Amino acid sequence: MARKQTSKTALVLAGGGLTGAVYEIGALRAIDDLLISQSINDFDIYVGTSAGALVAAFLANGVSPETMYQVIDGRHARLTRVDRGQIFKLNWFDYARWGIRLPAKVLSAWFDYLFHFGDMTLVDLLWSLTDALPAGLYDSSGLEKFVREGLRQLGLPNQFAELDKKLLISATALDNGEREVFGVGYLETTISKAVAASAAFPLFYKPVQIGDREYIDGGARGNASIDLAIEHGARLIVCINPLVPFDHQMDTKPSSEASHSFSSQGPQSIASQTFRIMLHAGLQYHIKQVKRAHPDIDIILIEPSPEDYQMFSYNIMKYSARLTVAQHGFETITLRMAEDYPSYKETLARHGIPISRRLVIEELEQIARSGHNPRVVRRILEATNHDAKKRQRNKPISLLNRSLDELEIALEKIAPA
């Protein structure tokens with residue numbers, strides 16, 4: 001018997017670049033294992049920001065995490081593999097314009113520097129040259145095409161109005177800094193275009209033009225819009241955030257004091273840590289304010305551990321790490337859910353959602369027995385038999401699995417505290 005829905009549920013996916021998106025896919029696959037009578041595609045509302053918008057767009061269309069992993073792994077029979085030429089499509093038009101404008105701009109800046117020699121610094125000179133640079137290294141039209149073609153190949157709609165689920169995608173209007181929410185009052189915009197706008201990380205991607213406005217990354221106004229889910233009636237919210245600052249004080253690996261500092265690792269490490277601190281602090285403040293205004297709302301936040309150096313070590317757009325990060329997200333979140341199972345169970349039970357850790361434990365045992373063999377983790381992640389079980393609920397083996405899950409729940413209810 002399917003569960004009785006007692007409250008609206010929402011899945012909120014934060015930004016985090018390409019590595020953040022694949023981490024979320026792995027985490028979603030792990031969450032799916034806990035659910036008995038529904039899947040990760042059965043939430044009522046999906047809210048996505050930046051990279052989270054990409055994942056949310058497919059989830060709201062009914063695409064499972066298993067299918068998404070098969071796409072990034074290049075093993076799906078119908079969908080084209082994620083190609084770096086699509087995600088990283090060079091902004092050739094602006095590069096050409098940059099080549100034309102650069103000589104004159106350099107000459108003008110140099111004369112200005114000489115004329116104001118006593119008042120200008122080298123930073124002033126370099127900053128004046130940035131006017132000639134392209135609006136972004138890459139053109140997000142490649143990402144838009146990837147989403148559009150992926151939905152077309154699966155026979156799924158690219159229009160918000162045609163979805164059975166509520167999909168909300170946030171971007172930031174460059175003209176005035178306001179948050180734009182696609183999926184509400186803006187239905188003429190395609191889902192693929194909204195995803196491209198939401199993921200247009202400044203300077204990395206050029207701003208996306210929609211109508212008469214330009215848009216940049218939705219994370220500029222907050223990396224996860226939990227408030228949108230509440231505004232649309234959600235009482236239970238699961239938020240996945242792939243970006244957290246690394247805590248060196250919790251790092252137990254032996255190292256010298258010099259190698260233990262961020263400054264000794266160069267500007268990339270400092271910039272990455274600063275970026276994560278800013279986004280994570282904003283998310284924590286957002287959750288605090290939401291809970292204060294809506295104390296009856298349950299929010300489950302899922303994110304990497306502060307001592308997870310592997311997640312910190314990859315830059316957010318590292319294409320070659322996509323499979324490794326997806327597997328890492330699956331393993332770490334699966335382990336954490338097994339450890340914090342009573343807390344998850346209690347929270348979800350308040351909303352009529354039964355869960356079981358039987359499958360989680362089985363998969364953890366398989367991974368441990370294999371010595372964390374990547375091929376074993378990959379097989380579990382793609383989980384074709386797991387998909388079939390969820391699609392064919394009336395098959396004898398599916399009924400047996402569900403009966404075992406329901407028996408576990410019944411035994412937990414009568415077990416002494």
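A salt bridge is taken here as a side-chain nitrogen of Lys or Arg within 4 Å of a carboxyl oxygen of Asp or Glu, and the side chains of Arg29 and Glu66 meet in such a pair at 3.4 Å, N to O. The model is predicted, so that local features need pLDDT of at least 70 and side-chain atom pairs count only at pLDDT 80 or more, whereas totals for chains, interfaces and linings use all residues. Residues are numbered from 1 along each chain as its sequence is written, and side-chain values use heavy atoms, with hydrogens and water left out.

**Salt bridges**

- A search of the whole structure finds 13 salt bridges.
- Arg29 belongs to helix α1 and Glu66 to helix α3 (residues 65–72), so their pair ties together parts that are 37 residues apart in sequence; helices (H or I, at least four residues) and strands (E, at least two) are DSSP runs, numbered from the N terminus.
- Arg29 counts as buried at 1% relative accessibility, and Glu66 likewise counts as buried at 1%, where buried means under 20% relative accessible area, exposed over 50%, and partly exposed in between (1.4 Å probe, protein chains only).
- The side chains of Asp296 and Arg235 meet in a salt bridge of 1.9 Å, N to O.
- Asp296 lies in the loop between α10 (267–293) and β10 (298–302) and Arg235 in strand β9 (residues 234–240), so this pair ties together parts that are 61 residues apart in sequence.
- Asp296 is partly exposed at 45% relative accessibility, and Arg235 is partly exposed at 30%.
- Arg350 and Glu346 form a salt bridge of 3.8 Å, N to O, through their side chains, with Arg350 partly exposed at 47% and Glu346 exposed at 52%.
- Through shared partners, salt bridges join Arg29, Asp33, Glu66 and Glu363 into one network.

**Helix α13**

- The buried residues of helix α13 (residues 341–349) are Tyr341, Tyr344, Thr347 and Leu348.
- These residues cover an arc of only 135 degrees around the axis, which puts them on the same side of α13; the arc is that of the directions from the helix axis to the C-beta atoms.
- The face of α13 turned away from its buried side carries the exposed residues Pro342 and Glu346.
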